[in-house]
Amino acid sequence: MLWVLVLIVVTITVLGYFRSEYEKEALVVREYRMNTSKIRVPMTFVFLSDLHEHDFGNKNQRLIEEIETVNPDAVLIGGDLIVCKKEVFTSVSEGLCKALSEKFPVYYANGNHEERMRGDFEEVYRGKCDDASGECGKESHGGETVEGGKESYRDASGEGRSKKHVEVSEKLQKKRRVEYERYIGYLKNIGVIYLSDAFADFKGVRIYGFNMDYKYYRKFRTPKMDEEYISSKFHEGEDDGKFRILLAHSPLFTKTYAKWGADLALSGHFHGGTIRLPFGI
């Protein structure tokens, strides 16, 4: 009986792998329509997210041609066009944004990779005392811990990190920050409207780019989000009745986005989409 279970798991894993590889190259245009009294003239938007430096054809020519066929009023980007891990990769994204901005208005909001590059995430410190020994201090003294002559630190989440890890992480983050400033400067120079906790009006539509703190990207300890948190990001007056598009990278908080007042929330982050199982799982 055990071998049957193992066979099922292996089969699902293999099929999942090949499906994932297929989706990396599959280019499918999905169309969604919605009606609203807030917009009197029909409008079309193309939404892109989580391309992670992938090329669809030479210099993304296949993707660009598909967007040209749609001929949108504007292109909206929900983040993670780039890759930011130990190294930062942006060249493919730069080429795509340049090609699109020459033909359409482009609005760009951050994903977790842009946020990581910007340097606001604590995740570079999230390892528990990431030194060679793997040891972590037990007693806290004013933000520092000392155990057996070893010095370590705790971040805002209370997790320990070694002094060496702090130095390496800070050096890496400075390097990322320089790359971030260069990348964002490039986007602005080619005419992309970059929305980092900011909004812009476009033909009676207000487009918001919403940055989320690292804690909202945690996989197993995701806290609740309230609408006041979103409101605190944007300094605007009373609601003037504009149609609100919220570019919010994670789709986990759709109810909060709606309560805040988003008429349309566009998210990515979950590569390949989300499957809802029975009983609200």
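Predicted model: local features only at pLDDT ≥ 70, side-chain atom pairs only at ≥ 80, totals over all residues.
Biologist: Which strands belong to the open sheet, and in what order?

Modeller: The order is β1-β2-β5-β10, four strands with parallel pairing.

Biologist: Why are β1 and β10 said to stand at the edges?

Modeller: β1 (45–48) and β10 (193–195) each have a single partner strand, so one side of each is left without a neighbour in the sheet. On average, neighbouring strands here are turned by 20° against each other, with direction ignored.

Biologist: Which helix lies across this sheet's strands β1, β2 and β5?

Modeller: Helix α3 (residues 91–101) does, and it runs at about 145° to β5 (106–109). Angles are taken between N-to-C directions on a scale from 0 to 180 degrees.

Biologist: How many helices and strands does the protein chain have?

Modeller: Seven helices and 14 strands.

Biologist: What share of the residues is called buried?

Modeller: A residue is buried if its relative accessible area is under 20%. In the protein chain, 38% of the 281 residues are buried. The chain exposes about 17100 Å², and carbon and sulfur atoms supply 54% of that area.

Biologist: What share of contacts joins residues at least 24 apart?

Modeller: Counting contacts in the protein chain between residues at least 6 apart in sequence, 69% do. Contact here means heavy atoms within 4.5 Å.

How values were computed:
Residues numbered from 1 in each chain as written. Heavy atoms only, no water. Pairing = 2+ DSSP bridges. Helix = DSSP H or I, 4+ residues; strand = E, 2+ residues; numbered from the N terminus. Buried < 20%, exposed > 50% of the residue type's maximum accessible area, 1.4 Å probe, protein only. Areas by Shrake-Rupley, 256 points an atom, 1.4 Å probe, with all protein chains shown as cover.
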